Amino acid sequence: MTVATITPSTAGYTDLPSLIRQMSGDEKHEPSAHSTLDVLWVLYDRILDVTPERVDDPARDRFILSKGHGPMAYYAVLAVKGFLPVDALRTFTGVDSPLGTHPDRLLIPGVEVSSGSLGHGLPLSVGIALGLRAQGLGDSRIVCLVGDAELDEGSNHEAIAVARAFGLDALTVVVIDNDTATHGWPDGIANRFAVEGWATADVYGRDHEQLAAALSLSHAGRPNVVVAHVESPGEDVDSLGEAVA
Amino acid sequence: MSASSTLAESTPVDTMRERFGAVTTEILDRDDSVALVLADISADRFRSVAKRHPDRVVNMGIREQLLVSVGGGLALTGLRPIVHSYAPFLVERAFEQVKLDLGHQGVGAVLVSIGGSYDRVESGRTHQAPGDVAAIGTLPGWTVHVPGHADEAELLLRSAVADSGRVYLRLSERTNGRAQLARPGRAVRVRTGRRGTVVAVGAMLDPVLDATGDVDVTVLYAATVRPFDTHAVRSTLAEPNVVLVEPYLAGTSSHLLTDGLRDTPHRLLALGVRDAELHRYGAVEDHDQAHGLDPAGLRRDITRFLDPAA
């Protein structure tokens, strides 16, 4: 399929590489270089109850990309799902483009939170979850994506403790773990949430069935975290899949 | 406008912080689009309203980054958050949250601080934030109120909550004897004179009036400094000698005044908290004196400015 024929009604996961290349201009790297790609696809294809027509619906589900770095996979998924015109992708980082290396919610309808500086998305998500619950919209899900290195920021740990204290069961955090945190997370990332009482799951972050199942688990009365393990930069994709599975 | 048009003539019976507690409680009971976010500070004052509205009165514990971020998240869902703590923790510790989780997201909130510049003089530097207004002043789109009386704090709080923008309401234990403010955002002429204009901000009004009782100057009173009502200064100016007296870092609003007077050759003296860290406890009067903000110090600096050759 060529770029010109990609429309939201016909496009799918297999179109993401060509869409990403419109931004990266990169012919060498496969889309697997984008650690968030599969999680983003599963969320928008199978989990989130939101459409381009409902970006202002108070009852929509909300996705918060806290790890705002490397948003090309995010933009590609938004384009496939009709939130962004496909034509916008080739304007990436232009002065009149809505697309920069960190997303801006004032430029892209459907982007819930402007991110870039690490450690803001999860605390904001706690506020969004509290705000929706206070308005009787507690059925709307809030899914926040963070990176394993982003968890270094202490603001996340303020949010992790308080989300459980308030029983924010509408909140799901997905941690993309490509093992890039400088000092690592001894005993694993999930434990950092488990000690605060969160429901936890560890999955292979390239396996769509595993991701969909973990993102659909019920966790009444408490938030949940899905740690999506992906290869480290430069590591072979398949070898990690076998290790996690 | 003269003193006869002032809002109230009585000495306040409560502090700004007490008034903030009572009025915020009333608003929360009446308006379910308003939420209050706390980080332990003042939580005891809101215990009963928190029981009535547990979803809209939320205490983060001692977590100021989260305090401000949650305010941003609530605003993203359409609520009007009031976010409260001591000035150094609310503005300085969580400054990037103020910048990004409110301003950059394009949402509003009412930040209400207590502590002023050195209300907590016995606590030392950790609980003091004379640079808070200057810091907020680096961010676009903020309204900053510095009330000088509990009645003014109430008026400004009510107007801030009814608005949808980003408002910093800076409360203090220091207070003027009477409220002056009639309309939020507008400076008030308290006295008319011929040799220059002294602009007193917030609780600096009473010391300025004390200091200039027999000095022939116009005294303007401002309880809002972002935006600064430079039009009032321009339109009431007799001689182009302007003294700005702010209860926080000296010169915080100088550039706004000079910009407002850019078509008039003028002299400007900016008084306020000086930038040296004193490493002293003591009483607030000791610090007023150290910064030249007591009536004697103000009088000395203002009269020297008006009569440089004397």
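In chain A, strand β1 (residues 62–65) and strand β2 (residues 142–147) pair in the parallel sense over four bridges. The structure discussed here is a predicted model.

To what extent is α3(A) enclosed by the rest of the structure? Nine of the nine residues of α3(A) are buried, so this helix is largely enclosed by the rest of the structure. The buried residues are A:Met72, A:Ala73, A:Tyr74, A:Tyr75, A:Ala76, A:Val77, A:Leu78, A:Ala79 and A:Val80. Against which elements do they pack? The buried residues of α3(A) pack against α1 (16–24), α2 and β1 of chain A. After the helix comes A:Gly82, which has a positive phi, near 85°.

Two packed helices are described by the angle between their axes and the distance between the axes. For helix α2 (residues 37–47) and helix α3 (residues 72–80) of chain A, the angle is about 25° and the axes are 9 Å apart. Angles under 35 degrees count as roughly parallel, and α2(A) and α3(A) are therefore roughly parallel to each other. Their crossing is right-handed. On the side of α2(A), the contact is made by A:Leu37, A:Leu40, A:Trp41 and A:Tyr44, and on the side of α3(A) by A:Ala73, A:Tyr74 and A:Val77. By class, this contact has seven nonpolar residues, no polar residues and no charged residues.

Helix α2(A) also packs with helix α7 (residues 208–215) of chain A, at an angle of about 60° and with the axes 10 Å apart. The two helices are therefore oblique to each other. Here too the helices cross, and α2(A) passes α7(A) in a right-handed crossing. To this contact α2(A) gives A:Asp38, A:Val39, A:Val42, A:Leu43, A:Arg46 and A:Ile47, and α7(A) gives A:His208, A:Leu211, A:Ala212 and A:Leu215.

The description now passes to chain B and its sheets. In what order do the seven strands of the open sheet follow one another? The order is β2-β1-β3-β4-β6-β5-β10, and the pairing is mixed. At the edges lie β2 (57–59) and β10 (224–226) of chain B, each of which pairs on one side only. From one strand to the next, the twist averages 20°. Within chain B, strand β4 (residues 109–114) and strand β6 (residues 166–170) run parallel and are joined by five bridges. B:Leu111 stands opposite B:Tyr168 in β6(B). Helix α7 (residues 150–162) of chain B packs on the sheet, where it touches β1 (34–38), β3 (80–86), β4, β5 (142–145) and β6 of chain B. The direction of this helix makes about 165° with that of β6(B).

Another open sheet of chain B has five strands, in the order β7-β9-β8-β11-β12, and its pairing is also mixed. Its edge strands are β7 (188–191) and β12 (267–273) of chain B, and each pairs on one side only. The twist in this sheet averages 25° from one strand to the next. Strand β7(B) pairs with strand β9 (residues 218–222) of chain B in the antiparallel sense, over three bridges. In this pairing, B:Arg189 has B:Leu220 of β9(B) as its bridge partner. Helix α12 (residues 295–306) of chain B lies across β8 (197–201), β11 (241–249) and β12 of chain B, and runs at about 150° to β11(B).

Finally, the two chains may be considered together. The contact takes 25 residues from chain B and 23 residues from chain A. On the side of chain B that touches chain A, the elements that give two or more residues are α3 (64–76) and α5 (95–104) of chain B. The largest share of this side, nine residues, comes from α3(B). By class, the side of chain B that touches chain A has nine nonpolar, eleven polar and five charged residues.

Notes
Residues are numbered from 1 along each chain as its sequence is written. Chains are lettered from A and ligands numbered from 1 in the order in which they are written. This is a predicted model: local features need pLDDT of at least 70, side-chain atom pairs count only at pLDDT 80 or more; totals for chains, interfaces and linings use all residues. Two strands pair if DSSP finds at least two bridges between them. Axes are lines fitted to C-alpha atoms, for helices over the stretch in contact, and angles run from 0 to 180 degrees between N-to-C directions. Two residues are in contact if their C-beta atoms, placed from the backbone, lie within 7 Å. Ala, Val, Leu, Ile, Met, Phe, Trp, Tyr, Cys and Pro count as nonpolar, Asp, Glu, Lys and Arg as charged, and the others, Gly among them, as polar. Angles under 35 degrees count as roughly parallel, over 145 as roughly antiparallel, 65 to 115 as roughly perpendicular and the rest as oblique. A crossing is left-handed if the near helix is turned anticlockwise from the far one by less than a right angle, and right-handed if clockwise. A residue is buried if 20 or more other C-beta atoms lie within 10 Å of its own, exposed if 12 or fewer, and partly exposed in between; C-beta atoms are placed from the backbone.
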